[in-house]
Amino acid sequence: MASSTQEHQHQLLPNLYGGATSAPPPTPAAHHDNLLSSSDAADAISRLLHRLPPTLSFPTRRSSSSSSAASCPPSLSSLKEIFSGVSQLGYAQLTDHSVPPELANAAESEALALFDLPRDQKESLIPESWPLGYGRGDEDDDDGLVESFRFDSACLTESTELALASLREFARALESLGLKIVDELTHALGCENPTGDDPTRLRSLLWISESVAGNKSGGFYPFIIGLQYQIRNQKYSMLSDSGWVSVLPHVESILVTVGDIAQVWSNGKLKKVRGRPAATVEEEKGSRCITMSLLITLPTESRVAPLLPKESIDSEKKEEVEEENECGDEGEERVFNSFDFEDYAWRVYHQLVLFKDPLDRYRVA
């Protein structure tokens, strides 16, 4: 991959997880006993259905074309409002920002062109190196996520002829905004920003995916803050702490979602959205739709734990506290145990996490 010195100077965060040849971490063996095979799960569901009373009826599937099912997210006109806007629901829309619509449209055009490439070119130009690269779901799966591309903010490929200049500029604009939001959230929580003055202690992941009818989940990877630009009038489904919600943000706004890492950092004070918003695609129209989500996340070698509010830090013990990553205010009980980010990220990326919150195993009993 090639890039100019000037491009590296403008890159806010470093490349995510090394080069294209880096191998994925092994599947954590400790969790194998918690997994069910697809056939075991199907048998269990079948037995459950046969035990249900005959008069029990299930709710009908929500129609994607029903405008009444979608709500408008809380609107924020300033980053200063970010904590109050997202703390209760886990999401909000930012209507006053510096990302121009022309840039978002140009980035979308480049992204659409990637999906039009032959499959062998996709695999060779954007090789998979977890969590980056080109990925394709099983055509027989019902997850609806057929194809996706995942980049860091540099948006580099194996060819200098495939520059993706607009996608790169778009990713870096969202990345810059995301870093400011992280700073505002940690400040509002009364915590030390774990990045300090070094933004390279965070990472960004631009996830571009093809959406198909019936898919509710946009895919899963742990994140602090998620950003999604609203190019046109488009509804999204999201899995929040209170259940599935359908939202319709204003055109040219940015949908801001709080991730699982932010919820742990806040010691449970913040609500979250599990995974990325998925575009609602109407079957009868057969329309083509992609989503472009920028996730502010962590390096794989990170340790995740509740953050310590600044006022409770003894200056003489600051280093010890940061190393142990102990919890909150004096007298505040820890809600989450600390855990290894790489192990957690690998699991939520490769396993179905729609039915149980993957953070549950780290909650203090």
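## How H4 and H6 meet

The axes of H4 (residues 101-115) and H6 come within 8 Å and cross at roughly 125°; axes are lines fitted to C-alpha atoms over the stretch in contact, with angles from 0 to 180 degrees between N-to-C directions. Contact (heavy atoms within 4.5 Å) involves residues including Leu103, Ala107 and Leu114 of H4 and Leu167, Phe170 and Ala173 of H6.

Helices (H or I, at least four residues) and strands (E, at least two) are DSSP runs, numbered from the N terminus.

## About the model

This is a predicted model, where local features need pLDDT of at least 70, side-chain atom pairs count only at pLDDT 80 or more, and totals for chains, interfaces and linings use all residues. Residues are numbered from 1 along each chain as its sequence is written, and side-chain values use heavy atoms, leaving out hydrogens and water.

## An enclosed helix

Let's turn to H9. Helix H9 (residues 341-350) is largely enclosed by the rest of the structure because 7 of its 10 residues are buried, meaning under 20% relative accessible area with a 1.4 Å probe, protein chains only. Among the buried ones are Phe341, Trp346 and Tyr349. Their cover includes strand E6 (203-211), helix H7 (260-265) and strand E12 (289-297).

## The nonpolar core

The largest nonpolar core has 72 residues, and Phe151, Leu167, Phe170, Ile208, Tyr221, Ile224 and Ile225 touch the most other members. Such a core joins buried Ala, Val, Leu, Ile, Met, Phe, Trp, Tyr and Cys residues through side-chain atoms within 4.5 Å. Helix H6 (residues 165-188) gives the largest share, 9 residues.

Note on methods:
Buried means under 20% relative accessible area, exposed over 50%, partly exposed in between (1.4 Å probe, protein chains only).
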